[in-house]
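I opened a new notebook page for this protein. My plan is to look things up one at a time and write down what I find.

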Amino acid sequence: DLFDEKWMPFLKSLQPAIPMTEGLDVLSLLTDAATIAKWNNENLPSDRMSIENATILTNAERWPLMIDPQLQGIKWIKTREGEDLKVVRLGAKGYLDAIERAVSNGDCLLLENIGESIDAVLDPLLGRLTIKKGRYIKIGDKEVEYHPKFRMIIQTKLANPHYKPEMQAQATLINFTVTRDGLEDQLLAEVVATERPDLEKTKAELTRQQNEFKIKLKELEDSLLSRLSSAGGNFLGDTALVENLETTKKTAQEIEKKVEEAKITEKKINEARESYRPAATRASLLYFILNDLCKINPLYQFSLKAFSVVFQNAIDKAEKSEDVKERVANLIDSITYFVYMYTTRGLFERDKLTFTSQVTFQVLLMGKAIDPTELDFLLRFPVVPNVTSPVDFLSHNSWGGIKAISNMDQFRNLDRDIEGSAKRWKKFVDSETPENEKFPGEWKNKTSLQKLCMMRALRPDRMTYAVMLYVEEKLGSKYVKK
């Protein structure tokens, strides 16, 4: 957004104008399709944010510090570096000796799962404070030989760490936290792999093939440019070079033909995969609701790995059907219920309804089945201050809520109706279980959410029961424990 909405318009507004390439993508300046293809083959998620993170990590001058609560970044790094990677945990036995060996041997070092601070003894290494003309670095009391090929990657599992300014200045912070779209794509791959393994296998094979083609074309291009640059004056007389040029041209044409064929196949596969997307969308939404539960209580922590197991179980146990639409509906129901059961098992009794109602509201919001302004009123309950209730069955605060809700088009004249038909409204408000009663007059035709908004003002003490009925109506009775 900063790039497209701030920086580019600013450059265009300058006089004289700066010439710019249309549709410029910064990623294309820092990396290429072949490299991205290689990363995807190494288990890097294929969403845009993951590719941007990998680009920053490989191009950063300072040591990269990955904020990686779902361990997606570390999985990629370990696959990418393989056995050459030296993994160290701070505080482990002999960790300083392991770091010293990596520095002097020029290895790639991964500092795994650090906290919000790092041992002061490693400050010179973080800041690359070399001595003796850059040949040595001081770690503790020792002077360790500093190999020019040494690389260090730092990783933390903390979701929202607070690092000191000097730490942030010495390292490049990269947020590998999974995004909703990124997770949705990953979960879609899991659903399709279970439901249609033939599709997912062909898709994976195509992706790998396409990636290999990109890498091959880049290699041919580089090889040709290298030969041309090293050729003598009359390179047409260089038989080997001309033959190489012919081979490159022929290979490129073959690859181009295969790529076109693969694009048609890929389009068909993607169309078939898209029918399963609603199940992945629901699962992704549920995971992010789970992730936000720590705002209620820091005890509520859920890992993506555990969530994936629940997700897979839900797919396996979902009711079978030959019809794809029906099967997807069964998958959505099964995923929602399995996640609900798994989550509520770890919640305090008082927080269970909060979670279930949040799931209900978010699912309905995503399906555009409820008005966000009405939900906002229900959750925040703004009141008009300093008003006096004209009826004896409502408190001043409740009347303030009625005045606030009457400003919305859907509830226009509610305050007047309560004043004019006080007897009917008094009977409704004074009833033992108003959530089970019909609202007076035309107000009984309002939507379930609008009735909840009115109930919030009229009888806040019955809101727990009213919300339970709402959840039961929208999700089903199995989500409400009587």
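I began with the lining of the largest cavity, which by class has three nonpolar, six polar and one charged residues. For these classes, Ala, Val, Leu, Ile, Met, Phe, Trp, Tyr, Cys and Pro count as nonpolar, Asp, Glu, Lys and Arg as charged, and the others, Gly among them, as polar. I noted the ground rules next: this is a predicted model, where local features need pLDDT of at least 70 and side-chain atom pairs count only at pLDDT 80 or more, while totals for chains, interfaces and linings use all residues. Residues are numbered from 1 along each chain as its sequence is written, and side-chain values use heavy atoms, with hydrogens and water left out.

The largest cavity holds about 60 Å³ of space. I found one cavity of 30 Å³ or more. A cavity is a set of points on a 1 Å grid over the protein atoms alone where a 1.4 Å probe fits but cannot get out; a pocket is an open set with protein on both sides within 12 Å along at least five of seven lines; lining residues have an atom within 4 Å of a point. Grid points are joined across faces, edges and corners, and a volume is the space filled by probe spheres set on the points. The lining of the largest cavity includes Asp-47, Met-49, Phe-176 and Gln-186. Helix α4 (residues 48–59) supplies the largest share, three residues. Helices (H or I, at least four residues) and strands (E, at least two) are DSSP runs, numbered from the N terminus.

I moved on to the second largest pocket, with about 490 Å³ of space. Its lining has 17 residues, and the closest to the centre are Leu-353, Thr-354, Ser-357, Phe-361 and Leu-379. The elements giving two or more residues are α15 (349–366), α16 (372–380) and α21 (463–474). α15 gives the most, six residues. By class I listed 10 nonpolar, four polar and three charged residues.

**Salt bridges.** Side chains of opposite charge can pair when their charged atoms come close. A salt bridge here is a side-chain nitrogen of Lys or Arg within 4 Å of a carboxyl oxygen of Asp or Glu. How many salt bridges does this rule give? The count is 26.

I followed Glu-81. Glu-81 pairs with Arg-80, the closest N and O atoms being 3.2 Å apart. Glu-81 also pairs with Arg-151, at 3.0 Å. Is Glu-81 buried or exposed? Glu-81 is buried, because its relative accessible area is 12%, and buried means under 20%, exposed over 50%, partly exposed in between (1.4 Å probe, protein chains only). Arg-80, at 28%, is partly exposed. Arg-151, at 37%, is partly exposed too.

Next came Glu-435 and Arg-462, which meet in a salt bridge (2.8 Å, N to O). Glu-435 lies in the loop between α19 (422–430) and α20 (448–458) and Arg-462 in the loop between α20 and α21, so the pair ties together parts that are 27 residues apart in sequence. Glu-435 and Arg-462 are both buried. I also logged a network of salt bridges that links Glu-184, Asp-185, Glu-274 and Arg-277.

**Distances.** Glu-61 sits in the loop between α4 and β1 (63–67). Glu-61 is exposed, at 69%. Its C-alpha atom is separated by 8.8 Å from that of Ala-171, 110 residues apart along the chain.
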